[in-house]
Amino acid sequence: MKIFDVEANREADRVTVERQGITYYELMERAGTEVFQWLKRNFPDKETLFHVICGQGNNGGDGLVVARLLYESKYRVVLDILEDAGKPTADFTANLKRINKDGIKYNNKEIYQYTDGKLVVIDAIFGIGLSREPEGSVKEMIEKINHSNAYVVSIDVPSGVFMDRKTNFAVHSDAVLTFQQPKLSFYLSDNYQYIKKVEILDIGLDRDFINTVETNYFLTDSFEAHKRYMPVDPFTHKGKQGHALIIGGSYGKIGAVCLAAKSALKSGCGLITAYLPKCGYVVIQSAFPEAMAITNGEEHITHINFDFELKAIGIGPGMGQHPETQKAFHDFLIRYKHPLVIDADGLNILSYNKEWLELLPVNTILTPHPKELERLMGTWNDGFDKIEKMKAFCKKYHVILVAKDARTMVVYGNEVHINASGNAALATGGSGDTLTGIITGLLAQGYTAADAAVFGVYLHGLTADIALPQTGMQAFTASMIPDYIGKAYHEIESNHP
């Protein structure tokens with residue numbers, strides 16, 4: 001799914017109005033109706049009190065539509081309009097006339113009584129056009145919202161969140177009901193505190209425009225994942241499914257190789273070999289009998305050499321950073337020029353020897369967590385700056401970055417793909433090793449590097465989404481991830497036959 005910037009969102013509205021022969025007022029009615037329908041589905045209890053707080057721009061106009069529809073449906077509605085929140089737009093004013101005509105009172109300045117747990121605040125103060133920090137009475141209202149016991153629903157964006165720069169103060173939303181296309185700001189780590197959940201509402205914007213407009217930002221949802229998915233040929237065999245190699249492990253860290261190797265095989269490759277020090281031989285053969293094993297060195301890898309054909313290699317999990325291991329890694333990079341995934345200690349070694357980045361095969365996939373990414377490319381000022389630096393890094397070294405985070409980003413060239421699957425259950429040791437294995441296994445099956453990265457990240461996150469109702473957030477461990485890969489594939493296949 002495409003992620004639009006402010007200009008693309010505005011142009012989508014303009015084109016829709018022109019091609020569908022409607023007015024902006026009618027488009028506002030359409031947007032407000034979709035929000036109202038969502039509220040009806042999620043809060044059917046008529047004891048719920050809806051406190052709708054509007055600015056005077058078009059976002060406020062959407063809020064007026066919602067307030068009117070709730071009132072007409074006999075919900076308990078309180079409406080406040082903030083006169084300091086922008087100048088009234090024409091469509092806001094038109095909707096305010098309807099509010100007045102229907103006799104809906106607003107700005108009553110009284111203490112509202114509600115049943116505990118049944119207060120919903122509708123934030124319709126500012127939209128995507130915000131250009132300055134909230135201040136004065138508007139800031140005070142946002143502070144009241146953030147300190148209330150209400151469930152907070154923001155229309156289109158949480159008021160105060162900027163679309164093109166770091167946000168310092170905004171509404172803390174429980175749910176953001178955004179229109180048609182997601183917004184980049186929603187997925188930046190700077191803004192996690194303002195956004196717990198995003199729901200994308202279809203308001204019927206012109207489909208041809210959406211399909212043809214160019215963007216560099218994409219949300220990887222189930223539809224995008226399915227487009228990249230390669231079904232298994234019914235007449236395939238293990239030789240056709242590809243042979244993957246996982247290189248890593250050191251004394252006390254053999255589990256990382258086991259997790260990566262098992263995940264690679266579970267992702268669908270036909271053969272898996274683990275290359276690890278001798279201290280891990282019994283462990284890998286006992287814990288994962290399907291894996292073949294090559295050993296080198298006693299407690300850490302001292303040399304990397306093999307004489308069989310491979311489709312893909314993942315290197316780094318648990319590998320350690322012993323000087324002999326670093327030299328072995330360097331010598332390996334000089335010789336090996338095929339599909340490659342680098343994680344963990346492989347990334348750390350590269351960060352100490354940045355000139356080695358020039359040795360990487362084109363489209364090598366790097367899978368850093370935030371600290372590993374910082375060691376590779378330096379610090380950043382905010383989420384927008386981080387993205388620009390990642391794009392520059394990828395262009396310079398011709399690599400693909402899988403920047404792991406609550407919303408993992410896959411960056412290659414000018415494109416940024418933000419993953420929609422997964423949850424905080426993945427914040428556990430070994431989770432990154434399983435992702436390395438999955439992506440390596442996909443490469444071995446013949447996925448392009450870009451598809452392996454984008455689809456692999458989605459598949460990995462989906463395992464945690466499926467597992468969550470059964471395991472809970474805290475009890476989920478990395479060793480469970482391979483066991484849910486098959487269920488994740490099944491969901492992708494069944495949702496999009």
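Which residues does V257 touch, not counting residues up to four places away in sequence? V257 touches I246, G248, G249, A274 and P317, where contact means heavy atoms within 4.5 Å. This is a predicted model, in which local features need pLDDT of at least 70, side-chain atom pairs count only at pLDDT 80 or more, and totals for chains, interfaces and linings use all residues. Residues are numbered from 1 along each chain as its sequence is written, and side-chain values use heavy atoms, with hydrogens and water left out.

**Overall build**

- The protein chain holds 16 helices and 16 strands. Both are DSSP runs numbered from the N terminus: helices are H or I with at least four residues, strands are E with at least two.
- The radius of gyration is 26 Å, close to the 23 Å that the globule rule gives for 497 residues, so the chain is as compact as a globular protein of that length. The radius is taken over C-alpha atoms, and the rule is 2.2 Å times the number of residues to the power 0.38.
- The C-alpha trace spans about 80 × 40 × 40 Å along its principal axes.
- Buried residues account for 56% of the 497 residues. Buried means under 20% relative accessible area, exposed over 50%, and partly exposed in between, with a 1.4 Å probe and protein chains only.
- Of the contacts between residues at least 6 apart in sequence, 71% join residues at least 24 apart.

**Around V257**

- V257 sits in helix 8 (residues 254-266).
- V257 is buried, because its relative accessible area is 0%.
- V257 and G430 are 173 residues apart in sequence, yet their C-alpha atoms are 9.6 Å apart in space.

- An open sheet of ten strands runs in the order 7-16-15-14-13-12-11-8-9-10, with mixed pairing. Strand 7 (217-220) and strand 10 (292-295) stand at the edges with a single partner strand each, so one side of each has no neighbour in the sheet. Two strands pair if DSSP finds at least two bridges between them.
- Strand 14 (residues 400-403) and strand 15 (residues 409-412) run antiparallel and are joined by three bridges. V402 has V410 in strand 15 as its bridge partner.
- Strand 1 (residues 49-54) runs parallel to strand 2 (residues 76-81), with six bridges between them. C54 stands opposite I81 in strand 2.
- Six of the six residues of strand 1 are buried, so strand 1 is largely enclosed by the rest of the structure.
- In a regular strand the side chains alternate between the two faces of the sheet. Strand 1 is covered on both faces: L49, H51 and I53 are buried on one side, and F50, V52 and C54 on the other.

**Helix 15**

- Helix 15 (residues 449-471) has 23 residues and should span 33 Å at 1.5 Å a residue; its end C-alpha atoms are 32 Å apart, which agrees. The expected span is 1.5 Å times one less than the number of residues.
- Helix 15 is mostly covered, with 18 of its 23 residues buried.

**Aromatic rings and charges**

- There are 14 aromatic pairs in the structure. Rings of Phe, Tyr and Trp (its six-membered ring) pair if their centres lie within 6.5 Å; planes under 30 degrees apart count as stacked, over 60 as edge-to-face and the rest as tilted.
- The ring centres of F4 and F209 are 6.3 Å apart and the planes stand at 85°, so this pair is edge-to-face. The pair links distant parts of the chain, 205 residues apart: F4 in the segment before helix 1 (6-20) and F209 in helix 6 (residues 207-212). F4 and F209 are both buried.
- One aromatic cluster is formed by W38, F43, F50, Y75 and Y151.
- K139 places its charged end over the ring of F169, 5.3 Å from the ring centre. R165 lies over the face of F162, 3.8 Å from the ring centre. The criterion is NZ of Lys or CZ of Arg within 6 Å of the ring centre and within 35 degrees of the ring normal.

- Most residues other than glycine have a negative phi.
- Q180 is not a glycine, yet has a positive phi of about 70°. Q180 lies in the loop between strand 5 (175-179) and strand 6 (198-201), and counts as buried at 5% relative accessibility.
- A344, also not a glycine, has a positive phi of about 50°. A344 lies in the loop between strand 12 (340-342) and helix 11 (345-352), and counts as buried at 15% relative accessibility.
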